Amino acid sequence: MKNVLRHPLTIAMTALSLPVCSLEAISDREMADVSGQAFITIDASSYSDGTGEWAGQYEFTKVNLGLDIETLMTIDTLKVGEFERTVGEDGTVPMTDAQGNPVTQNGNLVAHDADLIIENFGLGRVTNYKDAVNASIEEFKIRDPYIELAYKVENGVRKVAGVRIGFSEAQGWLSGDLISLTGNLNGRIEGPASVVYDQNCNGQGTASWLQCIELGLADALGTQLVSTIDLVDGAVGTAGYSYGAGRELNEDGELQNPDSPYLDVPYLKRASWAGVPGGRSFTAPGSALEFIIPALTGSEDCTVTGTPACFPLTNFQSVYVGDESVDFENGGGATGAFVSLQTTSVPWEDFSGIEGSDRVLTQRGAFLNIAKFDSGSGVKYPLNLDLFSATNGTPRQATCVGSLKGC
Amino acid sequence: MKILRSMLITSMVVSAAAFADLQALDDSQMSAATGEGLGFALEDFVLDTEGAELSVTGIQSSAGEEIDIKWTSLYVMGEGSEEGSIRTPGQIGSYLHPYVIRSLRGSGGLDPNDPLYNEKYGQINNELALLELAADEYQSDVQNSATFATFSYYQGCVWGQPGCDDLATVGSNGVAVQAITNEIDALNSSRAQIVDTYSLALSALENQMNSYYLSEIVPKEATVAQEQTEYDAEVVELGQRLTTAFDAYEAFMAIRPQADCEFGDNCTGLNGSACPAIGGGACRNARTAYNDSYDSYEEQQSVRQDAYNDLIEARKDLAAANNDSESFGPAGSYIEAVNNVEEFKVLCGLDSSDFGSCDGGLITRKGETKDGIESVSIALASGVERRDGLDVGASFEFAVNSVNPDGSTSPRTDYIDINMKGLFIDGTAFRLWSAPDEQGDDELNAEIRLNLFIKELDISVCDPSVCDNDPVAKEASTLNLDNMFVSLNLGYGEIQPMRLSATSDGNFEFELTKLRPGDDVDTTSQEDMQAFYDDYYENSPKSFISISDVRMGSSPDASLGRITVDGLRAQYLKVTSRDL
């Protein structure tokens with residue numbers, strides 16, 4: 001930083017913060033490396049191309065911090081946006097028990113009490129956690145965090161519309177009991193066609209004989225089924241059951257989820273389930289059956305041809321942020337992750353790097369964006385599941401020595 | 001520039017502070033150290049820049065453009081100053097509760113019954129001298145800002161403000177007490193649900209789980225890892241063979257460009273890839289090389305598919321072992337058992353060995369929190385008044401070039417006006433000491449206990465030329481944060497000191513070190529090391545951040561509710577600055 005500090009108070013504070021340890025001269029070689037560090041920059045931008053509730057004049061101020069951070073950090077409870085929401089409004093989903101039964105009070109559906117509720121949150125992990133002598137820390141890495149303020153200008157009056165904290169790059173294990181999520185949690189699910197065949201044919205399941213023949217063929221050909229997953233409404237028997245936010249269109253542009261009450265919302269609020277949203281299908285890229293698979297594997301009522309397609313978020317207490325196969329220094333970090341709080345609708349700039357991405361549309365309340373990103377070698381997802389364990393879950397990554405969580 | 005209207009130093013005891021290199025004391029020096037220090041308080045304190053401005057230069061945008069920043073106002077006054085407009089004297093400490101700078105010994109190694117033992121310094125060896133800078137401290141739960149802030153969070157409003165001063169809402173059954181009681185009831189309900197699931201003792205269940213883990217999970221995890229390694233290797237091999245085949249195809253096409261053969265075809269003389277009968281040896285060799293290498297690629301596809309199938313089978317086996325619902329009788333699968341046991345330990349303490357007892361963990365911590373809230377609530381109901389804090393405010397102007405969506409830029413001025421009403425930092429302390437690092441060189445270690453409680457924090461970004469003349473518009477565009485409390489605890493004595501240093505290229509480095517077992521811990525013993533970690537988890541202070549309401553303007557419809565970061569702890573943290 002090359003600040004010229006002219007304020008006496010600032011100078012006094014600077015003097016007080018001088019190191020108490022003894023100062024040592026640095027060599028000429030070391031001196032040559034000192035070029036006036038600038039670890040803070042401030043960027044201003046504006047946006048007025050939005051439509052609907054994101055129309056109008058927005059201004060942004062982004063404070064970039066040049067920092068490399070490595071940490072193992074835990075939080076017992078993280079709760080943001082604890083205010084009243086009504087189920088069914090703005091994409092607010094009902095609260096459920098672990099089996100998906102909606103929770104009611106006085107006969108009415110209720111939502112979780114905050115937009116984001118994460119218990120036993122953790123960044124980073126402990127390897128060999130059952131071995132106190134040899135346990136070691138695998139840090140969560142962050143590069144260049146930033147704080148951004150959004151303003152909305154209406155009738156000449158400027159007001160704070162939102163604030164977000166994000167990272168240019170982040171990599172490592174993120175853990176937590178995801179009780180309530182508002183925002184984007186993108187994932188990818190895959191598995192061989194044999195899983196769907198085994199669960200629905202061979203005398204069990206709900207697939208028709210024709211579907212079983214086709215699935216059997218897909219199995220014989222070693223077909224790999226792939227789909228993306230998002231937050232969904234997991235409240236069995238309610239109007240929004242199994243649906244995610246937005247419109248599901250097939251290759252011909254036909255709407256596949258016309259009954260969804262969430263067609264016009266950008267994301268679900270206070271969700272506690274994820275999965276393949278109603279109306280979305282699996283694909284089999286590169287397979288000889290590529291054109292048949294979507295018709296066979298449309299998701300409906302949280303099942304895909306009888307195979308469960310939704311699961312409670314608490315099943316998956318750890319997600320890997322970034323590309324696990326590439327180290328941090330070589331670009332393995334995820335881009336575009338952030339958490340924000342808005343007093344009104346805000347179109348945040350999208351830093352995911354995905355081609356065609358422009359703005360992340362957010363509304364009043366809290367928002368967590370753990371979304372897909374472009375790693376430079378393709379689109380990567382923070383949540384990667386396989387068909388046979390998605391509905392059962394996998395153990396959490398440990399964040400303590402001696403126990404998985406709770407320290 | 002700044003005007004100190006009235007500053008009275010009421011108490012100066014013994015000056016012993018020195019910002020010099022800190023050294024370990026020898027025995028004779030140690031025997032002379034008895035905890036001297038300087039205590040001071042600033043009474044009737046007022047600071048007001050009264051229109052003077054400070055310019056900060058050197059901050060740039062990412063494009064390298066200079067950002068002109070003006071610090072247009074700063075005030076520190078007593079609470080009730082109406083955003084610095086009424087010159088209200090403030091109190092920074094008092095004769096009975098002064099700020100202090102003192103040197104003293106650590107209490108590590110002393111018997112807790114020793115009169116010189118102080119729990120605050122218990123993780124710093126008694127042979128080390130430390131320098132402490134501490135703000136005022138209060139024993140009364142009403143005056144102690146940490147306790148009062150927690151009460152305010154649960155009460156849900158700024159105590160003393162209109163609409164939040166009804167004595168009927170406090171007392172032993174007040175709003176805050178009921179709120180924390182409901183929270184504890186919910187935790188106890190979760191605990192009961194877990195306990196009711198099991199018929200055997202916790203320790204017996206853990207033994208059973210451990211056996212199952214070793215016999216069923218570990219081998220299957222190893223198989224998955226092995227199959228994954230093999231599959232990854234086959235994928236790499238597949239890629240190499242594909243590259244080889246493509247190179248061979250290109251080599252063939254370079255020799256015989258007129259060949260009617262696509263990559264992936266079997267190129268023969270019968271399908272348009274004939275080579276000249278005379279002098280066509282190189283062509284035939286290249287054609288054969290391509291055909292062979294493509295066959296090799298196809299064979300590898302089959303090998304990769306087999307490896308994938310093996311991997312899938314291994315994963316299925318592991319998933320089945322994790323999720324077999326019969327594994328633990330009524331308790332269900334191994335994963336369910338792990339989740340339940342872990343959750344019980346969160347609620348009742350990591351060293352729990354019995355479902356019947358609950359002497360630590362979240363339930364105990366919340367119980368202690370409830371005691372403090374109850375104490376404050378009862379005291380307020382009986383008429384005890386909370387002391388006033390400080391009002392602190394500052395205004396800034398930023399002249400920036402705003403980037404428009406089309407890439408052009410427009411000049412813009414941003415305004416930020418921050419007003420803190422009722423600010424307290426009692427309980428804050430900075431402790432510094434010198435100790436040898438891994439190389440045996442002396443290094444400066446530190447520990448921070450920062451308590452910051454602000455009853456109301458208002459942030460306005462409206463252009464003063466518009467909003468100063470329109471109070472309604474200003475109110476509607478101001479972001480209000482009520483009962484903001486930050487309790488930041490960094491460092492835990494010699495076990496996890498905080499270090500500040502600079503790198504040779506001019507960047508700073510801040511580190512909360514990895515845990516350092518003391519000399520009394522046998523680092524080769526599982527029991528000793530686990531006990532060391534458990535002690536750290538149980539006793540090192542966590543950090544907390546809470547805001548009871550975030551609101552735009554005064555409309556309840558514009559409320560974003562509470563923000564809670566409860567029990568934050570960094571087991572390791574290293575922050576290094578870098579040039580952007």
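# Questions on a predicted model of chains A and B

Biologist: What is the relative accessible area of A:Asp301?
Modeller: A:Asp301 counts as partly exposed, a class that lies between buried (under 20% relative accessible area) and exposed (over 50%), with a 1.4 Å probe and protein chains only. Its relative accessible area is 47%.

Biologist: What pLDDT do local features need in this predicted model?
Modeller: Residues are numbered from 1 along each chain as its sequence is written, chains are lettered from A and ligands numbered from 1 in the order in which they are written, and side-chain values use heavy atoms, with hydrogens and water left out. The model is predicted: totals for chains, interfaces and linings use all residues, side-chain atom pairs count only at pLDDT 80 or more, and local features need pLDDT of at least 70.

Biologist: Near what value is the phi of A:Asp301?
Modeller: A:Asp301 is placed in the loop between β16 (299-300) and β17 (303-304) of chain A; helices (H or I, at least four residues) and strands (E, at least two) are DSSP runs, numbered from the N terminus. Most residues other than glycine have a negative phi. A:Asp301 is not a glycine, yet its phi is positive, near 50°.

Biologist: Is A:Ser242 buried or exposed?
Modeller: A:Ser242 sits in the loop between β14 (224-232) and β15 (273-275) of chain A. It has a positive phi near 80°, although it is a residue other than glycine. With a relative accessibility of 2%, A:Ser242 is buried.

Biologist: What area is buried between chain A and chain B?
Modeller: The size of an interface is often given as the accessible area lost when the parts come together. Here the value is the accessible area (1.4 Å probe) that the two parts lose on being put together, summed over both. Carbon and sulfur atoms give 57% of the area buried between chain A and chain B, which is about 8,300 Å².

Biologist: At what N to O distance do the side chains of B:Asp414 and A:Arg158 meet?
Modeller: The interface of chain A and chain B holds 9 salt bridges, each a side-chain nitrogen of Lys or Arg within 4 Å of a carboxyl oxygen of Asp or Glu. B:Asp414 and A:Arg158 form a salt bridge through their side chains, with an N to O distance of 2.7 Å.

Biologist: Which residue of β14(B) stands opposite B:Leu423?
Modeller: Strand β12 of chain B (residues 409-424) runs antiparallel to β11(B) (residues 390-403), with 14 bridges joining them. B:Leu423 in β12(B) is the bridge partner of B:Leu390. β12(B) is also joined by 7 bridges to the antiparallel strand β14(B) (residues 442-460). There, the residue opposite B:Leu423 is B:Ile454.

Biologist: Which side chain makes a polar contact with the side chain of B:Asn489 at 3.4 Å?
Modeller: B:Asn489 belongs to strand β15 of chain B (residues 478-490) and is buried, with a relative accessible area of 14%. Leaving aside neighbours within four places in sequence, its contacts include B:Ile448 and B:Pro541. The side chain in polar contact with that of B:Asn489 at 3.4 Å belongs to B:Ser487.

Biologist: What percentage of the residues in chain B is buried?
Modeller: Chain A has 5 helices and 27 strands, and 56% of its 407 residues are buried. Chain B has 10 helices and 19 strands. Of the 580 residues in chain B, the buried share is 47%.

Methods. Pairing = 2+ DSSP bridges. Polar contact = N/O pair within 3.5 Å; in protein donor to acceptor, adjacent residues only side chain to side chain. Contact = heavy atoms within 4.5 Å.
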